[in-house]
Each structure stands twice: as structure tokens, then as C-alpha cells.
Amino acid sequence: MRKIAVILAVSALFVSIISKAEEIISNGFIFPDYQKGKVYFKNNEVTEALLNYEIVAKQMLFKQNDIALVLGLPQATDSVVISGRVFVYFKGNEFFEKISVGKGDVYIQYNSTLLQDAKEAGYGGYSQVSNTKSIGSLSSLDGGQTISLTHLSAKERFKIKMVYVFWIKRGDQFIKVNSRNQIFKAFPEKKQQIQLYLDSHKTSFEDLDEVKKLLDYCF
């Protein structure tokens with residue numbers, strides 16, 4: 001297991017996807033800072049905000065007046081786009097990142113386990129949401145969809161263990177494709193062809209590029 005000190009920037013994040021579960025020191029966010037983005041709701045309303053995704057508590061956050069707030073009613077969203085990257089609602093408050101693969105899509109679940117707390121002054125990040133309090137609700141910029149808020153106050157960095165899980169979607173159902181057997185179950189009508197592909201390709205289910213190639217073949 002490698003130990004890498006990173007802030008979860010785009011490039012660093014995708015480098016880490018190709019490795020096994022690893023320990024990283026982070027403020028718990030996918031992006032190093034809040035990025036311009038949009039929240040698309042199922043009722044066709046759109047709200048612009050400074051957004052980030054927190055991977056320890058698995059919650060979509062936005063920033064308003066230098067305060068980090070939790071995006072409420074996530075089940076009412078169609079998607080959240082941050083710096084060109086697309087996130088879709090899974091369950092609870094959790095989102096998956098959606099990446100196009102040929103004629104289909106792969107969804108990345110960011111799983112993490114908090115190993116150690118380490119306070120850091122002046123970084124400007126926000127902790128997992130164990131120390132939170134509800135502060136009401138906020139209407140979208142166009143006066144439509146209501147978003148409930150939670151105030152995040154602590155500024156910390158953590159040591160966390162990160163594991164990435166891959167899914168596809170059929171209708172409204174997410175199907176895990178993180179192993180050979182799960183791929184066979186997801187594409188039963190193509191099992192023989194997929195078996196031939198896997199026999200001739202060294203596919204690691206911990207490598208995003210290799211999983212994308214496999215799913216492109218499956219789709």
C-alpha cells in the first residue's frame with residue numbers, strides 16, 4: 001500500500017484510481033477548492049453555485065458567503081456538474097461521478113474510511129459533517145427549488161483510506177461491475193464474448209482506463 005500526500009485535485013485523483021486501496025492525507029474533498037458548477041433539478045430548474053464533493057461523509061457541498069453548506073434534497077437533482085465533471089445522485093446524500101464510455105457510462109463511487117484526524121490551520125477546508133447544525137433553507141437563484149442547508153465549521157485534514165467502486169446503470173437501477181463475476185451478471189447475454197476478451201486482456205478492476213475499455217467492449 002502506498003502512502004501519498006495529495007490534495008484531491010483532478011489529476012491526482014485519476015492517478016490514484018489506478019492503484020489499490022491507499023491511504024491519503026486530504027481535506028476530504030474531490031477538488032482542492034470550491035469550483036463553479038451547476039445543479040440540475042428534475043423539474044428542469046438550474047442553480048449555479050460554488051460546489052465541491054466531500055468523500056468522507058459523502059455529501060455534495062456548496063459555498064455561500066464563505067460558509068460551506070450541504071446540498072439538501074439530493075434526490076430531487078438530475079445531475080450536478082462541477083468544472084465539467086458530472087455527478088449523479090445514488091442514495092442518502094451520496095453522489096457517483098458519471099463518465100461516458102462508448103455507448104454507455106461508468107459511475108465511480110468514492111469510498112473512504114477515516115483513519116486519523118489532523119488539525120491544520122489556514123488551509124480553508126471543511127471537515128466531515130459530524131459537527132454540523134441545520135440553519136434553515138435557501139431558495140435557488142431563480143427563486144424556485146428550495147435547498148436545505150447544514151453549516152460545516154471545522155477546518156481539518158484527515159488521513160483516509162480510499163477505495164473506488166465501478167457501477168453501470170440500467171433504467172433507475174445501479175449495477176456494480178467491480179469484478180469478473182459482476183461483469184458477467186451485468187451482461188449475461190454476452191458472457192462468452194466477455195470471457196474471450198478477459199482471457200486475452202489483462203484487465204484490472206482497480207484501473208479506470210482498463211475498466212473503461214472493458215465496458216466499451218461490453219456496451
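Predicted model: local features only at pLDDT ≥ 70, side-chain atom pairs only at ≥ 80, totals over all residues.
## Largest pocket

The largest pocket has a volume of about 190 Å³. Its lining is formed by Lys42, Thr77, Asp78, Ser79, Val86, Val88, Tyr89, Phe90, Lys98, Tyr107 and Lys169. Two elements, strand E7 (77-82) and strand E8 (85-89), each give two or more residues to this lining.

Sorted by class, the lining of the largest pocket comprises 5 nonpolar, 4 charged and 2 polar residues.

## Nonpolar cores

In soluble globular proteins, nonpolar side chains tend to be buried together. In this model the largest nonpolar core contains 42 residues, and the members that touch the most others are Val80, Ile183 and Leu215. When residues up to four places away in sequence are not counted, Val80 touches Lys38, Val39, Leu51, Met60, Leu71, Arg85, Val86, Phe87 and Phe95.

## Phe41 in strand E3

Strand E3 spans residues 35-41 and includes Phe41. Phe41 has a relative accessible area of 3% and is therefore classed as buried, the cut-off being under 20%.

Phe41 and Pro74 are 33 residues apart along the chain, and their C-alpha atoms are separated by 8.9 Å.

Definitions and conventions
Residues numbered from 1 in each chain as written. Heavy atoms only, no water. 1 Å grid on protein atoms, 1.4 Å probe; cavity = no way out; pocket = protein on both sides within 12 Å on 5 of 7 lines; lining within 4 Å. Points joined across faces, edges and corners; volume = space filled by probe spheres on them. Helix = DSSP H or I, 4+ residues; strand = E, 2+ residues; numbered from the N terminus. Nonpolar A, V, L, I, M, F, W, Y, C, P; charged D, E, K, R; others polar. Core = buried A, V, L, I, M, F, W, Y, C linked by side-chain atoms within 4.5 Å. Buried < 20%, exposed > 50% of the residue type's maximum accessible area, 1.4 Å probe, protein only. Contact = heavy atoms within 4.5 Å.
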